[in-house]
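Biologist: I have a model open and would like to learn how to read it. Can we take the features in turn?

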Amino acid sequence: MSLAILELRMELHKVTDSELKALCDMIASDEPVQEQSTTRQLPPYLRLIK
């Protein structure tokens, strides 16, 4: 059920698989997140909030 909800939300917000992977990679990395100087710019709805 959770996967279906994720897929629906991704479709509604037009999130691509590569954007989701970039977000997951950012969360999984041990490096501190840099707000403005990240090399990979993500859409505002995928920004990492701590």
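Modeller: Start with the helices. A helix here is a DSSP run of H or I with at least four residues, numbered from the N terminus. Keep in mind that the model is predicted.

Biologist: How many helices and strands does the protein have?

Modeller: The secondary structure comes to two helices and zero strands. Helix 1 covers 2-12, and helix 2 covers residues 17-28. Lys14 sits in the loop between helix 1 and helix 2.

Biologist: What is the phi of Lys14?

Modeller: Phi of Lys14 is near 55°. That is a positive value in a residue other than glycine. Lys14 also counts as exposed, at 66% relative accessibility.

Biologist: What span does helix 2 reach?

Modeller: Compare the span with 1.5 Å a residue. Helix 2 has 12 residues and reaches 16 Å from its first C-alpha to its last.

Biologist: Why do residues three or four places apart point the same way?

Modeller: An α-helix has 3.6 residues a turn, so such residues point the same way.

Biologist: How many salt bridges does a search of the whole structure find?

Modeller: Apply a cut-off: a side-chain nitrogen of Lys or Arg within 4 Å of a carboxyl oxygen of Asp or Glu. The search finds one. Asp25 pairs with Lys21, with the closest N and O atoms 3.0 Å apart. The two residues are four apart in helix 2, so about one helical turn separates them. Asp25 is partly exposed, with a relative accessible area of 35%.

Biologist: What about the protein as a whole?

Modeller: Buried residues make up 18% of its 50 residues. The accessible surface comes to about 4600 Å², and 57% of that belongs to carbon and sulfur atoms.

Terms used:
Residues are numbered from 1 along each chain as its sequence is written. This is a predicted model: local features need pLDDT of at least 70, side-chain atom pairs count only at pLDDT 80 or more; totals for chains, interfaces and linings use all residues. Side-chain values use heavy atoms; hydrogens and water are left out. Buried means under 20% relative accessible area, exposed over 50%, partly exposed in between (1.4 Å probe, protein chains only). The expected span of a helix is 1.5 Å times one less than its number of residues. Accessible areas come from the Shrake-Rupley method with a 1.4 Å probe; for residues, only the protein chains shown count as cover.
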